[in-house]
Amino acid sequence: SKRWILMTTAQTPTNIAVIKYWGKRDENLILPINDSISVTLDPEHLCTTTTVAVSPSFDRDRMWLNKKEISLSSDRYQRCLREIRSRANDFEDEKKGIKITKKDWENLHVHIDSYNNFPTAAGLASSAAGFACFVFSLARLMNVKEDLGKLSAIARQGSGSACRSLYGGFVKWNMGKNDDGSDSVAVQLADEKHWDDLVIIIAVVSSRQKETSSTTGMRETVETSKLIQHRAKVFLCPLTCLIHLNISPYRINRVTNKDNRRLVSELHLIFLILILARVQSFRIIGCVEKWNSAEGSPQAAYTFDAGPNAVLIARNRKVAALLLQRLLFHFPPHPDTDLDSYVIGDKSILK
Ligand code: PMV
């Protein structure tokens with residue numbers, strides 16, 4: 001019968017890298033030139049929810065993102081779909097009278113409905129949460145038995161940073177050595193309880209779509225930067241204040257902050273090449289730097305992904321509250337705006 005429908009829903013948060021992945025050695029398989037480490041955010045405020053369904057009445061694979069239908073034709077989606085489908089297993093629900101064999105999955109089509117619980121146009125990285133959720137929900141639907149490491153290698157082929165979103169807490173993406181990407185997987189370094197009062201504040205500077213994709217940015221940096229190979233080799237943390245803040249509670253091999261000039265010039269280089277950071281971004285950097293030096297010790301760290309939005313990291317809720325107050329002072333909302341829509345997320349920090 002064509003009447004049944006089987007579905008499952010999954011939720012995946014986004015992640016913020018403290019040691020960035022920047023540069024690919026293989027653009028198809030998305031294999032990076034360096035290891036990276038990130039913090040996975042709390043799913044409450046920044047995550048993707050994806051519902052996947054299968055039914056014999058579906059005549060083709062289809063996907064909706066934030067209620068609008070989008071094309072699944074890109075290589076990234078196709079690769080993930082193919083990898084998951086090829087690992088599908090028999091499924092049976094006797095009560096509902098549904099039986100799907102391994103072979104059936106090859107001819108069954110799926111509908112994928114995905115939405116982000118944060119403003120889509122906010123210029124916030126959504127592909128990490130999106131692809132992680134895409135892969136995870138399909139794997140559940142198709143009764144795939146692979147472990148999270150293997151699933152991370154599949155999500156990686158959708159968007160590099162997505163591989164790190166399958167775990168909570170602090171996550172490392174091992175660049176791996178193999179040409180087929182089988183060892184380019186994510187591992188959890190410390191779980192979400194490890195540093196549970198760490199607060200990440202994202203200051204949205206521009207809600208426009210980024211002008212340079214991270215793929216283009218990485219390609220240009222790899223082709224033109226004399227420093228990028230060095231960075232990849234020594235696994236530097238470009239954010240020296242992160243080291244001061246001791247944001248790496250685990251041992252990161254060979255992290256060094258001995259050569260600050262080189263780090264600074266590298267950062268500038270990436271900024272200049274991509275022309276991503278806007279004036280406001282620099283003002284936020286200035287605001288954090290000034291506060292850190294006035295206090296005599298670093299209170300907060302800042303980082304940027306491939307866009308102008310500043311990601312601020314505070315070591316605990318108290319520091320976060322002070323930082324937020326400073327930000328609201330220096331970047332006040334328009335008098336007509338209410339604070340509720342100006343500050344999205346966990347407002348209890350303001351109290
Ligand atoms: O996941 P991609 O391929 O869009 O690359 C994202 C890269 C950065 O966010 C800038 C850094 C990182 O490690 O997440």
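This is a predicted model: local features need pLDDT of at least 70, side-chain atom pairs count only at pLDDT 80 or more; totals for chains, interfaces and linings use all residues.
The secondary structure of the protein comprises 10 helices and 16 strands. Of the 351 residues in the protein, 36% are buried, and among the contacts with a separation of 6 or more, 70% are accounted for by residues 24 or more positions apart.

An open sheet is formed by 3 strands in the order β14-β16-β15, with antiparallel pairing. The edge positions are taken by β14 (199-203) and β15 (300-304), each of which pairs on one side only, and from one strand to the next the twist averages 25°. Between β15 and strand β16 (residues 310-314), the antiparallel pairing extends over 5 bridges, and T303 is found opposite V311 in β16. In general, the strands of a sheet pair through backbone hydrogen bonds, in either a parallel or an antiparallel arrangement.

Helix α9 (residues 317-330), in turn, lies across β14, β15 and β16 and runs at about 15° to β14.

Around the ligand there are 13 residues, of which A17, Y21, G160, S161 and D305 come nearest. When this shell is divided by class, 5 residues are nonpolar, 6 are polar and 2 are charged.

Definitions and conventions. Residues are numbered from 1 along each chain as its sequence is written. A residue is near a molecule or strand if its C-beta atom, placed from the backbone, lies within 6 Å of it. Ala, Val, Leu, Ile, Met, Phe, Trp, Tyr, Cys and Pro count as nonpolar, Asp, Glu, Lys and Arg as charged, and the others, Gly among them, as polar. Helices (H or I, at least four residues) and strands (E, at least two) are DSSP runs, numbered from the N terminus. A residue is buried if 20 or more other C-beta atoms lie within 10 Å of its own, exposed if 12 or fewer, and partly exposed in between; C-beta atoms are placed from the backbone. Two residues are in contact if their C-beta atoms, placed from the backbone, lie within 7 Å. Two strands pair if DSSP finds at least two bridges between them. Axes are lines fitted to C-alpha atoms, for helices over the stretch in contact, and angles run from 0 to 180 degrees between N-to-C directions.
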